[in-house]
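Load the model in your viewer and keep the sequence panel open. The stops below say what to select and what is there.

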Amino acid sequence: MDFTLKIWRQQNAAAKGRFETHKVAGISPDCSFLEMLDILNQQLIDKFEKPVCFDHDCREGICGACSLYINGRPHGPDSAVTACQLHMRKFKDGDTIVVEPWRARPFPVIKDLVVDRSGFDKIMAAGGYISVNTGGVPDANTIPVPRAHAETAMDAAACIGCGACVAACKNASAMLFVAAKVSQFAMLPQGKVETRERVLKMVAKMDELGFGNCTNTGACEAECPKQISISHIARLNREYLSAKIL
Amino acid sequence: MTKLNARIPEGPMAEKWNNYKAGQKLVNPANKRKLDIIVVGTGLAGASAAASLGELGFNVKAFCYQDSPRRAHSIAAQGGINAAKNYPNDGDSVYRLYYDTIKGGDYRSREANVYRLAEVSGNIIDQCVAQGVPFARDYGGLLDNRSFGGAQVSRTFYARGQTGQQLLLGAYSAMMRQVNAGTVKLYPRTEMLDIVLVEGKARGIITRNLVTGNIERHFGHAVVIATGGYGRAFYLSTKAMGSNGSAAWQAYKRGALFANPSFVQIHPTCIPVHGDYQSKLTLMSESLRNDGRIWVPRKKEDAEALRNGRVKPKDIANEDRDYYLERRYPAFGNLVPRDVASRAAKERCDAGYGVGSGLAVYLDFEESIGRLGKKVIEERYGNLFQMYEKIVDENPYETPMMIYPAIHYCMGGLWVDYELMTTIPGLFSIGECNFSDHGANRLGASALMQGLADGYFILPYTIQNYLAAEIMTPRMPVDGREFLETEGQIRERLNRLMQIKGKQSVDRMHRKFGLLLWEMVGMARNSEGLNKAIKEFSSLREEFWTDIRITGGIDEMNPELEKASRVADFIETGELMARDALQREESCGGHFREEFQTPEGEASRNDNDFMFVAAWEYTGTGKEPVLHREPLNYENIKVQTRNYKI
Amino acid sequence: MSNILTSSIGKKILMSLAGLFLIIFLLVHLGINLSLIFTGSRETFNKAAHFMGTNVIIKVMEVVLFGGFLLHMFYGVLLQLQNWLARPKRYRIENYSQTSFFSKFMIHTAVIIGIFLVMHLFDFYLKAKFFGDVPLVIYDGKEYHDLGILVVEKFKLGGYAVFYIICLLIMSFHLLHGFQSAFQSLGLEHKTYTPLIKAIGIIYSVLVTAGFILIPVYVYFWM
């Protein structure tokens, strides 16, 4: 298969970027999107040019490093996958593919398609944990957790922190990311204890970093590679409201 | 061999760890904050260690090459984590977990370390539950267990098919809490390039900021390496693209001994290679073998017809299928340990019975779907089936999966003593990066256990025994002679790499090397191939340093430079792997020497001559390393031949 | 720590409370309007309008209502500005996720509704209240403003009726997302009840809009 790629290139955070057009030919439909970029990079290196920088690591859809906005969709035109699990068979031969970095004020571009998502770590540091030290915890089976609650917690915990929710949201809101963590812990008795502090601190940090406000468009849910539901955002809102008025 | 002193505490096996803790030196709280600890790597071992050390009050600096510590490759572990909780009342105990681990490791692991691992395994589960890890639960709300990798008891805790992810996020959360508390400082997108030794002790590291290219110096009273395995030396593996063995390799070059480098694990259930552009192999959880049956055609002509696509797998009648694991190992069948399953698949494919590209076998769920119904199979493996379909574009509910073994885990690693300290004082190694617990073969669901055991419950104790003597050592300025010298060497190395401006890209050369390594130091090895490998890798190293092409600059984000530096180390590691495989004239666990097998083709271990840990000492690039032997004594277990037939 | 008046979620909560209040107000408004065409004369309508303009409780509610409007508008604009700032560099290809269509245009529909509201207030409310150039009518010996005739005259102008109907359709788009969105913002989500709320939201939006549209259509063609 042959493709025309329009790729965002930007030397560093301060530089002004631009789109660059490249062609790749003879790509196997079984090739993953990132492998297709590897092939492009090989071409560039052969021409003594700088390869395109993009974040990637596990290439099996779990580390959350990939952050490509492909033809108007985070992680491209397949549902419930990250860009590394997207295969070229999802495109048509001869397609023009536009590849952009995540765009959000709190995710500044570092180089080419690489963005700085350390804002997520800062939100986590603000309260995305249960305050227990190593050791001195009760036996794991001391507190039973209703299976349905554990399952809902696991649904939320599946978040890989890729930032597709922010990238997809027209407001660049990080609500789904924050909601996933708050919701996971709110569903478990172990986490319930400090829900109030957690939700207030995480939301305050999220706001401080300049993420947008949620307007319930649902784009995050539609693009989340782990299909995390916006019902977790409702739970976050609920926890926030009860933290404020109760 | 005075170099190796494992410093195993006295006393009966079950009391060693308690005795150790009772007698060890501790650091008082006021002194803890005066002590800096560098932790390199933020996977299960690194993150849990950084969190625990931070909680104790030490001043921790945590480094990772990823943009966030949460992306460390522990996250990709699927199946589960073992613990001797005996919740199902099926006869599990600390002793049995220890026994299974030693046996599974083919009697090449250190007994005292393994016993301690089994002892603390239960604490890990308690800790993770308290952190909010959403383990699977039964309808009564208590934790669910499953049997994994052929264990006779159900001791594996799991969180769907994402156990590694959930455990890592738990450890990451705990670490981020300490970041907030100010005891841990994070250095993401920062790669360790060398260790700084001052008067023979590890005192710091040199790093490269992967965003700016800046070379930086960091001081620590102790350095902990938790950077995982070197499996990506093979190019194609289930490791992450950035996983590398460079931190451990630099430690080796600075004097730490490297143990059992040839012990790498080849996982039997990976999605087969499908093209030469391929960058990585995807693991399908071992749990699939609980319900899937592995087969190839009984007749070569059928295999050929399947390869050509002339017939479909379901066209092959049951009597024409060779369920070779069930045939060869009636007692364990499809649940034999990983090394055995992998070799059996290779044997069939080498004999011409492979399907797909010729290097694949079927993992078939037809029978279990018939027996249990599609719904049950979907509940158990739905996400795995979906993942398979996304990658291969075939529906595994209707046509059998194709699988083939792939490099997955490194049992070998930096040699450490009972305290997890390498032969360099003050340099510790934890998790997959060290060698101690899995011998020649790791059991399923044990890697997560070991990483967290080291990080939460072992290192935070043992490191204090070392640091207690360091409380009078003030923080060193990083412009001391040793720091500047080491930095100079790193700068020189990077500049040299940049200036080669040869013809071959890093990936091309890595792929070439990886294939050679797979052929000669892979699933089956022989002295001829290994000798050839040592020669070829040595000339490949020369070729690398004269013909590599790195575009871009040194003072900017440059993934090609990062990869080049890692591949340079991989080639040297490959050479050591081959040497280690060559000296070990036996077959054990993941190490299979064709010369040493039984008439039925099973591994033939040589306990009289090779029941030792092979620890290698660096003597210079291109020079033959020196082998040190740590004899292994099993006091509490009868050494037997592993038998999965009856 | 987070402040409810300034935090992202806090602002949304206030927005949705105000929104729900306005949704209730719309029902009252519709009820009065419909009396114009269903009672056969303007009497009920004019009396109701009079009641709305003079009753003490309603006067208090009027202030609350204006407050609700202002709050909803103020936070709506504030949120939107912040949201635009959160993505200073836009995508070359905008996201086209399979999501609620109307949710993407809330600010646009809001601005049109805002303009309509100003005109609407000017045409009816301010005229009646301050300018006084409304004809008088006498029921049971008491004088009332004949606001009804004002409405009828306006709707007899075809252009005005069309404009009014278009504005109402735009309002329905706003409501189609806004109704269920308010519940989501307040955290009122449940796997059984949320589909119900969404259904009610759609029924509400369609019926209320249809009810309002019925009046100009009736007036234009049959009065």
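Which strands of chain B does helix α14 lie across? Select residues 481-500 of chain B: α14(B) lies across β6, β7 and β8 of chain B, running at about 135° to β6(B). Axes here are lines fitted to C-alpha atoms, for helices over the stretch in contact, and angles run from 0 to 180 degrees between N-to-C directions. Helices (H or I, at least four residues) and strands (E, at least two) are DSSP runs, numbered from the N terminus.

This is a predicted model, in which local features need pLDDT of at least 70 and side-chain atom pairs count only at pLDDT 80 or more, while totals for chains, interfaces and linings use all residues. Residues are numbered from 1 along each chain as its sequence is written, and chains are lettered from A and ligands numbered from 1 in the order in which they are written.

**The sheet under the helix**

Stay in chain B and show the strands. They form an open sheet of 3 strands in the order β6-β7-β8, with antiparallel pairing; two strands pair if DSSP finds at least two bridges between them. The edges are β6 (190-198) and β8 (215-219) of chain B, each of which pairs on one side only. From one strand to the next the twist averages 30°. Now select β7(B), residues 201-209: this strand and β8(B) pair over 5 bridges. I206(B) stands opposite R217(B) in β8(B).

**Chain B against chain A**

Next, colour the residues of chain B that touch chain A. There are 65 of them, in contact with 65 residues of chain A, where contact means C-beta atoms, placed from the backbone, within 7 Å. Helix α6(B) gives the largest share of this side, 9 residues. By class, the side divides into 26 nonpolar, 23 polar and 16 charged residues. Ala, Val, Leu, Ile, Met, Phe, Trp, Tyr, Cys and Pro count as nonpolar, Asp, Glu, Lys and Arg as charged, and the others, Gly among them, as polar.

Select α3(A), residues 147-157. Its buried residues include A150(A), M154(A) and D155(A); buried means 20 or more other C-beta atoms within 10 Å of the residue's own. The buried residues of α3(A) pack against α5 (175-186) and α9 of chain A, together with α6 (163-181) of chain B.

**The core**

Select V178(A). Among the residues that V178(A) touches are I123(A), M202(A) and L236(A), not counting residues up to four places away in sequence. V178(A) is one of the residues with the most contacts inside the largest nonpolar core, which has 296 residues. Such a core is a set of buried Ala, Val, Leu, Ile, Met, Phe, Trp, Tyr and Cys residues joined through C-beta atoms within 7 Å. Helix α13 (447-467) of chain B supplies the largest share of this core, 12 residues.

**Chain C**

Finally, show chain C, with 7 helices and 2 strands. In chain C, 30% of the 223 residues count as buried. Select α6 (158-185) and α7 (193-222) of chain C: these helices pack at about 170°, with axes 8 Å apart. That angle makes α6(C) roughly antiparallel to α7(C), the term for angles over 145 degrees. Their contact has 18 nonpolar, 6 polar and 1 charged residues.

Conventions:
Two residues are in contact if their C-beta atoms, placed from the backbone, lie within 7 Å. A residue is buried if 20 or more other C-beta atoms lie within 10 Å of its own, exposed if 12 or fewer, and partly exposed in between; C-beta atoms are placed from the backbone. Angles under 35 degrees count as roughly parallel, over 145 as roughly antiparallel, 65 to 115 as roughly perpendicular and the rest as oblique.
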